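Thanks for coming. I have one chain to go through today, and I will keep to what can be read from the coordinates. Please look at the screen.

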Amino acid sequence: MMKKHINQITYRESGMGKGQTFTWTKATRELRLEDEDGKVSEDVYLLSEHQQMELEQLLLHVDLMYWQPVYTTEWLILDGTDWEIRWSSPDGNGTSRGSNAFPDKWELLRDWLYGQFAENGEEDR
């Protein structure tokens, strides 16, 4: 089975009045964080080779390229979590999004992204 490679992801999340966007680019190993006002964190985080490999393995583990286009719930939840992720790969581009509904293993990717900035003292959830 041929491995699927992702070249870039953009993950946006908003909830409880706050929003942020993470952008990762494989070619440069850069991970950026922007808040909902478009403010970029003071420095772009350059992933180590280990972190880069860890993220690529995580993207395969969560089966990102096979997430449904839309996840929904029948419950009305105010101030919940809206999210969207876009990716590009040699095989094409994809998008998945949801509002208070999530694919399996979604939290693993979300927590990893937030964790990169929390470890560097730049972001508190």
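Strand 2 and strand 3, the latter covering residues 30-35, pair in the antiparallel sense over 6 bridges. Strands here are DSSP E runs of at least two residues, helices are H or I runs of at least four, and both are numbered from the N terminus. Two strands count as paired if DSSP finds at least two bridges between them. Within this pairing, F22 stands opposite L33 of strand 3. The two strands form a hairpin with 4 residues between them, and R29 in the turn has a positive phi of about 65°.

Before I go on, the ground rules. This is a predicted model, in which local features need pLDDT of at least 70 and side-chain atom pairs count only at pLDDT 80 or more, while totals for chains, interfaces and linings use all residues. Residues are numbered from 1 along each chain as its sequence is written, and side-chain values use heavy atoms, with hydrogens and water left out.

On its other pairing, strand 2 meets strand 1, residues 8-15, in the antiparallel sense over 8 bridges. There, I9 has W24 of strand 2 as its bridge partner. Buried means under 20% relative accessible area, exposed means over 50%, and partly exposed is in between, with a 1.4 Å probe and protein chains only.

Of its 125 residues, 37% count as buried.

Now the aromatics. The structure holds 9 aromatic pairs. Rings of Phe, Tyr and Trp, the last by its six-membered ring, pair if their centres lie within 6.5 Å; planes under 30 degrees apart are stacked, over 60 edge-to-face, and the rest tilted. The Y11 and F22 rings have centres 6.4 Å apart and planes at 35°, so that pair is tilted. Since Y11 lies in strand 1 and F22 in strand 2, the pair ties together parts 11 residues apart in sequence. Both Y11 and F22 are buried. They also belong to one aromatic cluster with Y45, Y114 and F117.

The rings of W67 and W83 have centres 6.0 Å apart and planes at 80°, so this pair is edge-to-face. W67 sits in the loop between helix 1 (49-61) and strand 5 (70-71), and W83 in strand 6 (residues 81-89), so the pair ties together parts 16 residues apart in sequence. W67 is buried at a relative accessible area of 8%, and W83 is buried at 3%.

What does W67 touch, leaving aside neighbours within four places in sequence? It is in contact with V62, W83, I85, S96, P103, D104, W106 and L109, where contact means heavy atoms within 4.5 Å. W67 and P103 are 36 residues apart in sequence, yet their C-alpha atoms are 6.6 Å apart. A polar atom of the W67 side chain lies 2.8 Å from the backbone oxygen of V62.

Last, N100, in the loop between strand 7 (92-99) and helix 2 (106-118). N100 counts as buried at 18% relative accessibility. Its side chain reaches the backbone nitrogen of T81 at 2.7 Å.

Conventions:
A polar contact is a pair of N or O atoms within 3.5 Å; within protein, one must be able to donate a hydrogen and the other to accept it, and residues adjacent in sequence count only if both atoms are side-chain atoms.
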